[in-house]
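Dear colleague,

Here is the structure I said I would pass on. My notes on it follow below.

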Amino acid sequence: MSDVFVRAAATWTADRGAPTAALIPAPQRRRCSLATRIVAEVTGTLVDRGLPLLDAAIVHGTGFGEIVTTAALLDMMRDGDGALSPMRFAGSVHNTACGQLSIAQGHTGVSTTISAGVQTLAAAWIEAMGLFADHEHVLLVVADEPMPATMPPHHDGLAVGLWLSRNPGDPCVARARWVAPQRNVAVAPRVPAPLLHSPVRFASSLVDALGQSIRVRLEPDDARGCAASLELTAP
Amino acid sequence: MTLCNALGADLATVAVAIENGTSGLAPLPWSWHPPGLHGWCGELPPLPASLQDRDTRQARLAVHTAAPILADIERANRRWGASRVALIIGTSTGGIAATEAVWRPGVPLPAGFDLGRTHALQATIAVLRAVCGARGPGYAVSTACSSSAKAFGSAARLIAAGLADAVVVGGVDSLCETTVRGFAALELVAAGGARPFAACRGGLSLGEGGALALLERRGDAATLLVACGESCDAHHMSAPHPEGDGAALAMRRALTAAGLDAAQIGFVNAHGTGTVLNDRAEARAIGRVLGLAVPVVATKGYTGHLLGAAGATEIVLTALALQSGRLPASRGATPVDETLGIDVVERPRPIDCEYAMSTSFAFGGSNAAVIVGLA
């Protein structure tokens with residue numbers, strides 16, 4: 001498996017304040033959930049660093065998707081006559097963030113949303129590798145908004161965007177080689193307590209490791225004690 | 001390959017039902033009397049004891065769908081090694097029906113209710129992994145109604161990139177209150193059942209079920225996955241581009257990836273939901289890319305719209321028609337909306353071709369066109 005080059009990375013966490021999500025025009029943005037705005041936020045940071053968004057394939061990984069909107073729909077169903085808001089229903093699908101981004105930016109290329117629980121980051125990486133056959137650039141974004149209080153256990157919001165390319169000549173922050181699930185790949189990273197239950201929690205430690213030559217896990221151990229990882233090399 | 005929907009739980013049963021013109025659409029047997037007619041699969045066998053903590057309707061549908069091809073998957077596990085067999089499933093609803101059943105506004109979910117093992121999309125992957133033994137990469141593609149068509153694109157890319165040698169690919173979605181009430185709120189549910197491409201069409205019917213195929217790097221299958229073209233409309237969250245621009249782009253990309261001319265596509269299994277705008281936009285796209293003479297079949301009048309499982313269901317039905325050399329009637333299409341200008345198949349007819357296309361379009365403007373061919 002050949003190497004992937006991480007051109008740039010961007011992270012959003014709650015301590016950075018409300019996302020501006022400037023890639024989405026204000027009238028459209030006002031109707032967007034936090035789950036969508038944090039995806040737009042990290043994408044915007046990467047666009048500012050040169051990501052050619054319209055030429056890139058987009059892989060969006062999320063464990064729970066538009067979970068706050070889903071909880072609101074469940075409330076509506078159990079209150080009054082049970083009627084739902086049509087706009088919120090249409091915005092409850094997992095690919096809402098990709099849809100809003102494509103509308104805002106005119107992205108007509110390949111864009112997909114995948115989900116695999118705590119393996120979402122590893123799965124998104126695999127999906128991105130598949131897309132390199134037809135694309136020079138892949139935008140990988142994994143994101144989960146904070147869980148509603150009625151859906152414990154709680155976790156804080158997290159979005160991580162990675163601009164990936166296959167061209168060794170490009171400046172990059174890390175070279176990454178996929179390592180299929182195996183035993184004892186690396187010590188599991190320390191995850192901040194507010195993110196302990198986030199499906200995409202390992203993404204923040206991946207960003208922290210960029211720039212080092214180190215093996216990083218993409219997921220917790222599975223039932224066999226195996227985990228997928230990346231072999232990172234400093235540029 | 002196999003499928004499970006309101007018509008039956010295996011390929012042969014569903015094929016016979018369609019040949020006989022049987023509809024699986026009926027009023028839902030729910031206490032609040034949902035509007036419209038929908039494709040309900042009825043009571044489903046419980047999960048094995050080892051999967052009791054994952055026992056949802058979605059999980060039951062997944063396991064029930066997979067049953068007829070478990071022996072084939074086991075052979076693939078032995079042939080390639082289980083860690084080289086991936087699992088990519090399109091789903092939109094996941095197990096949300098389980099959450100609906102216990103939800104009380106403003107009150108935390110009951111202690112012991114595990115969202116990850118029931119509601120979340122990976123729960124479907126986990127139960128399928130448990131019953132089929134595939135140990136390669138496993139994930140859900142969730143792009144609403146194009147989910148399981150795009151899963152075929154992902155599966156083909158995984159094999160091409162050397163990340164897997166075989167993929168159990170398809171889709172599973174279960175009927176739930178959220179989707180029935182949601183489409184009712186959008187005023188898209190047809191009171192008398194879906195009639196795709198009919199002059200008097202008035203909306204869609206929902207459905208549930210699944211469809212699975214075993215893709216392998218090489219083998220002796222009768223049908224090939226030739227190419228998948230994907231695009232975004234970049235237009236509106238819940239309405240298609242009126243000229244079908246995004247749909248046409250996906251269809252062109254599929255042709256380009258396949259290295260085929262439009263004239264080599266023998267028929268189209270259309271997304272054909274039965275809503276006024278979707279069918280019109282799709283007809284425009286088909287006419288622009290494949291021409292007005294290509295036969296167009298819509299099968300949602302039999303099964304309802306299986307949402308995240310619709311693409312896989314219709315890819316399997318496309319493969320079935322290619323193999324049998326016989327196009328099914330588009331149930332409910334007569335009298336056809338002549339203003340669409342396309343050749344909607346109203347009665348079964350013979351077909352002699354090597355390639356066919358199945359199209360899927362979704363909320364968020366997500367489009368996929370999949371070309372299948374005879375081996």
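Between the two chains, 52 residues of chain B are in contact with 50 residues of chain A, contact being counted when the C-beta atoms, placed from the backbone, lie within 7 Å. On the chain B side, the elements giving two or more residues are α4 (96-102), α5 (115-118), α6 (122-132), β5 (138-141), α7 (147-160), α8 (177-185), β8 (223-232) and α9. Helices (H or I, at least four residues) and strands (E, at least two) are DSSP runs, numbered from the N terminus. That side of chain B divides into 25 nonpolar, 20 polar and seven charged residues; Ala, Val, Leu, Ile, Met, Phe, Trp, Tyr, Cys and Pro count as nonpolar, Asp, Glu, Lys and Arg as charged, and the others, Gly among them, as polar.

Strand β3 (residues 111-115) of chain A pairs with β5(B) in the antiparallel sense over two bridges, where pairing requires at least two DSSP bridges. A:Ser115 has B:Ala140 as its bridge partner in β5(B).

On provenance: this is a predicted model, in which local features need pLDDT of at least 70 and side-chain atom pairs count only at pLDDT 80 or more, while totals for chains, interfaces and linings use all residues. Residues are numbered from 1 along each chain as its sequence is written, and chains are lettered from A and ligands numbered from 1 in the order in which they are written.

The model scores ipTM 0.97 and pTM 0.98. Chain B averages a pLDDT (the predictor's confidence in each residue, from 0 to 100) of 97, and 100% of its residues score at least 70.

Regards
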